[in-house]
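Let's take a friendly walk through this structure, one region at a time. Please keep the sequence and the 3D view open as you read.

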Amino acid sequence: MAGSPSRVIPGFSLTLGYSLFYLSALVLIPLAALVLKTTEMSFAQFWAVTTDPIVLASYQLTFTASFLAALINGVFGLIVAWALVRYQFPGGRFFDALIDFPFALPTAVAGLTYASLYLKDGWIGGLGPRLVTGVNGLAGLLGLGAPLEPTALDWLTFPFTGGTTGIVLVLVFVGLPFVVRTVQPVLIEWDPEYETAARSLGAGRFTIFRRVIFPELFPAWISGFALAFARGIGEYGSVIFIASNIPGKSQIAPLQIVTKLDDFQYAAAAAIGVVLLSISLLILLAINGVEQYARRHERAA
Amino acid sequence: MLKRKFLTLGATLGLVSLLGAGSTAAAADVRLLNVSYDPTRELYTQYNELFAAKYKKDTGNILTLEQSHGGSGKQARSVIDGLNADVVTLALGWDITAIERAGLINPGWEKKLPNNASPYTSTIAFLVRKGNPKGIKDWKDLWKPGVQVITANPKTSGGARWVYLALWGALANAKTHDFSTAQGQAEATAASAAAKDFPVYQNAEVQAQIADLFNNHVPVLDAGARGSTVSFAQKQLGDVLLNWENELWLARDEFGPEKFDIVYPSTSILTEPPVAVVDKVVDQRGTRAVAEAYLKGLYSPEAQDLAGQLHYRPRNLDALKKYSAELPNIPFFTIDETFGGWVKAQTTFFADGGTFDQIYKPAK
Amino acid sequence: MAGAITARAPISIGSKRAVATESVLARRVLITITVVFLTIFVLVPLINVFNQAFSKGFEGYWSVFFPPQPPDDATLTFSQKRRLAEGAAQAARTWSSIGLTVAVAAVVLPLNIIFGLAAAWATTKFNFRGRALLTALIDLPFSVSPVVAGLVFVLLLGRNGILGPWATQLVWPDPFSLHWVGFENGVWPLAFGRTHTGVIFTPLAIVLATIFVTFPFVARSLTPLMENQGTDEELAALSLGASGWRTFFKITLPNVKWALLYGVILCLARAFGEFGAVSVVSGHIDVNDTMPLRIEKLWNEYNNQAAFTVASVLAFVAVITLVAKSVVEWKAARDAERTN
C-alpha cells in the first residue's frame, strides 16, 4: 500500500498526468460524446426511444439470456472447479487449461464454430438423424419396429429454431471461465479439517456442503456469477452469428444499437448506448461491492 | 534488456519525427472507392478489372479501385459518417437520398444517368428446395399452412425492403408492364410520371396479410440479404427464400443446382439499384472525371454483358435478350408507379413507427 | 473487470492435494459432468474449427493463403481463368487482413504498455485523492459493450460528430508504407507510399477502437503485484542515489516483469480477436479488414472452409496464448516462492 513517504518517489505528476491524458483522450472524451449526443433529444424523446417495446424486449432478452447463461455457468462452473481441484483424474490438467480458452478465442470465431456445429450437417445438429437411424436399426434387429420418428431428434439444431437458446449457448461459452476461476482459489485454500470436524459432529455430506463449504465459497461464486453476467450483456461478436434477429423476440440490445445506426438514428443509438452503459456501470459497482463485502467477510472470519 | 528498451524508444521517436517531417510522396496512382451493397461484390470485382484496364489503355495511369460491401443502409451511413466514397452503388434510392440529405450528393442525381441512374435491374423471386416439395409457385402459396419463409429484416436490409414492396404490390394487384420491349418500358415511364395517388397504401387487407406472414411464417430475420441466404442455404432453415434474383442464382451456383430451384412468381417488382457520384468527396479529392466515367461505363455494352452474365438484368435490350433463358421475362410493377417513389415508401413502411414496426409490436 | 480474475495470483491445480472425502460414485458423477460439459462447450467447438478448416484437405487449407498460380496457358477456359484470378484476389485480401491485424496490435501494444506502467505506478506508489476513481475508470472498458466502444468513436469523429469537421479532413501518412526512395528529392531518403484522409473508417479508427477495449489489461495485471510489493525497494535505491528512471528500470521493472508479460499476452489476444468495436468503425472496406472481420466476410460469401481456415489461425494463436500464459504463470509462481 502506498504510504505517506510516497512523495520521495519521483514521477508522480508524469505518470498521473500521462494516465489521465490517455484515459481522457481515448475513453472519457469519446464517452462524453456519447452522452452529449443524447442531449440532442428532449427527455420525452429519450424516454420514447429507450422504452419502445422492441427496445425493451431487447434489454429483456439480453438480461434473461445473460442471466440464464451465468446461472448455467454458476452451477456447472462450481462443479467443474470442484472436480478439478479436489479430484485427480486423467486429463484433469488438460481440462483445466481448456477453461481459459474462451478468454483467448476471438468471439467471432466462437460464434462461427458454434453456428456450424448445430447446422443440420454439423457435428451436433447432424447427430439427430444418425442417432435415430442407429436406434431404429438396433430396435429393428431386436424386432421392436422403429420406435423413433425420423425427425424425433431434429431438435438438436435447436439454436437456430429455438430463437433464444442459441444466444444462451454462446453466452455460456464466453462466460465459462469466470465462475471456475473465481471459485478455484478458494477451494484450493480450503482446509479439509473443517469437513472432518463437521463430519465428526454427525453432519451429512450434503449438509456439510450447504452449511460449511458453500458459505465460504459464496462471495467468490457470486462475484464470478456477476462477471459472467456482465460479460454476457455486452457480448456481440459471437451472438450475431447465431441469433435469429426477430424484432422483439431475438434481437439483443447491442444489435438494437447497430440497427438504429443503420437507420440513420444516431441520437437513438446513443440513447440505447447510454442505457446499456449505465446498467453495466451499476453491475460494475455491484461487483465491487460484493468483492469488498467478501474481503471484509474474510477478514472478520 | 535495458539497452533494448532504449533502442525501441529511439526507434519510436525516430518514426514520430519522420511523421512530423512528412515528406509525403504524392501518390502517382489514382484511387477510387466504390461503396456498394452485399451481393454486388462479384459484379464490381469484375467490372473494376475491366474499367481499370480501359483506364490504363486510355490514360496510361494506374487506377486502383477499392470496394466496400455491406448492408445498403449501413453503407449509406458509413458514407454519411465520413467514409470517403467516390461513388456509391447501393440497393435502393432511399439510401442515396439519405446521403443527399446529408449534403454530400447534389439533388437531381437520379437524372444524371439514364434509366433513373440504375444501370442494371433485378427482381424478387423465390428459391425453394429441389423439386419444390411444398409446391410454392406464386405469392399466395407463401401463406400455405406449414410453409416457412426466409427473408431479411426490412429495417436493416435493402433487399428485404424490395421483398416487402414486392409482396405488398403483388397482393394489391399492382399494374404491371412488359420490360423486355422498348414500348413496354416507355409505357412504364409514362405511367410513373402520370401516377398521382397511390391506393395501395390504404389497403388494410394487404397489411393484415403481410402481418400474418411475418408473424406466423417467418422464423428468422437476418440483418442483411446475404445473411438470409446463409440461413436458407447453409443453416437449412425454411421452405422458401425471398431475395434478389441475382442472389438466388449465386446461391444456386455456390451450393449446386441439385439442391435448389428458382421459382418466378406471376408478377414481381422491378428492383432498380441506383448509382451516384458523391459530389462532395470527388470535388475534394479531384476525382470527379474518373468517377463519372466509372459510372457511365456501367452502361457500356461490355459492362451490360457482364451484368447479364452475373444474373443482373441489363438495361440494354440486346444484352437482356442474350440472357433471357436465365432471366425469364415476367410482368413487373415499379416502385414509382405503385408506391410513388422511395421517400414515400420509406416513411410509410420502414421508418420508426411505420407499418413494419406495427406488425412487430410485441404483444404484452 | 475480467482483470479481477486475470490479475489474481497464479494458482496451481490438482497437484497439491486430492482431499476428496466424497463417495466414489459422487466423485465419478462430478468428474463425468466436468468432462462432458467442457467437452461439449469448449473442446468440440475448438476441434470443429480445425475440422472445418481442413474439410477440403490440406491442399484446400493451403490454397486459402497460397492459391494455385495461374499458368500462362492459353488452353484455360475463360471461367477457369476467372476462378484462378478470384482465388488470388481472395488470398490477397486474407493476407491484407493478417497484415492489418498484426500492424494494429504492433501499434496498440507499446501504447498500452506505457500507459499500463504509468497508471500502475501512479495508483500504487502514491496516495492521492481520486485514486479509487482512477482505478475504477481503468476498469471501465471491461464493462462497456464493444458495440458502444465503436459507436462512441463514430459519434466523436464521424462527419457529423463533435470533432467531425476536423477529423474527416485530417490527412495522415501510413507509417507502414514508409519506403526508401533515395536522396534524389532532398535530404529525406524515406517517403510514405500512401496517405489516408479522415480518421473514422481508416486503420487509425481501428487502432483507437482496439485501444479502447484493450488498454486495461496491462495496468490491471500490474496493479495488484505493485501494490503488494510496496515502495521499500524503490525507496532504498533512491536513498542510495539512483535516479528515478534507473530505479524504475533496475528495481521495479524486473520485479513486475512476469505480470507485465502476462498483461501483454492478454492484451495481444484481445487485440487480435476484437470484433464488435472494430466492425462498427471499419466501414466494411476490404483494406480495413482485420482477421475477425475477414472471417465474417468469408462466411457471408458462402466460403465456409476459408472462413474456418482464417479462424483456425486465430484459434491457433489462442492456443499459443494459453501455453504462453501458463509458462508465465509458472515462472511468476516460481519467482514468488523464491522471494518468500
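## A loop residue in chain B

B:Asp352 has 15 C-beta neighbours inside 10 Å, so this residue counts as partly exposed; a buried residue would need 20 or more, and an exposed one 12 or fewer. Please bear in mind that the model is predicted.

To find B:Asp352, look at the loop of chain B between helix H15 (342–350) and helix H16 (355–359).

## Paired strands in chain B

Staying with chain B, strand S1 (residues 30–37) and strand S2 (residues 63–70) run parallel. Eight bridges join the two strands. For one of the pairings, look at B:Asn34, whose bridge partner in S2(B) is B:Gln67.

How much of S2(B) is covered? This strand is mostly covered, with six of its eight residues buried.

## Two helices crossing in chain C

Now turn to chain C, where helix H8 (residues 203–214) meets helix H12 (residues 257–273), their axes coming within 10 Å of each other. The crossing angle is roughly 135°, and H8(C) and H12(C) are therefore oblique to each other. Their crossing is right-handed.

On the H8(C) side, the contact is made by C:Thr210, C:Val213 and C:Thr214, while H12(C) brings C:Cys267, C:Arg270 and C:Ala271. Sorted by class, this contact has three nonpolar, two polar and one charged residues.

## Where chain C touches chain A

Next come the contacts between chains. Here 85 residues of chain C are in contact with 89 residues of chain A. Which helix of chain C gives the most to the side that touches chain A? That is helix H2 (residues 24–53), with 17 residues.

By class, the side of chain C that touches chain A has 59 nonpolar, 17 polar and nine charged residues.

## Where chain A touches chain B

Between chain A and chain B, 17 residues of chain A are in contact with 21 residues of chain B. On the chain A side, helix H3 (53–86), helix H8 (158–161) and helix H12 (253–262) each supply at least two residues.

The class make-up of this side of chain A is nine nonpolar, five polar and three charged residues.

Definitions and conventions. Residues numbered from 1 in each chain as written. Chains lettered and ligands numbered in written order. Predicted model: local features only at pLDDT ≥ 70, side-chain atom pairs only at ≥ 80, totals over all residues. Helix = DSSP H or I, 4+ residues; strand = E, 2+ residues; numbered from the N terminus. Axes fitted to C-alpha atoms, helices over the stretch in contact; angles between N-to-C directions. Parallel < 35°, antiparallel > 145°, perpendicular 65-115°, else oblique. Left-handed = near helix turned anticlockwise from the far one by under 90°. Contact = placed C-beta atoms within 7 Å. Nonpolar A, V, L, I, M, F, W, Y, C, P; charged D, E, K, R; others polar. Pairing = 2+ DSSP bridges.
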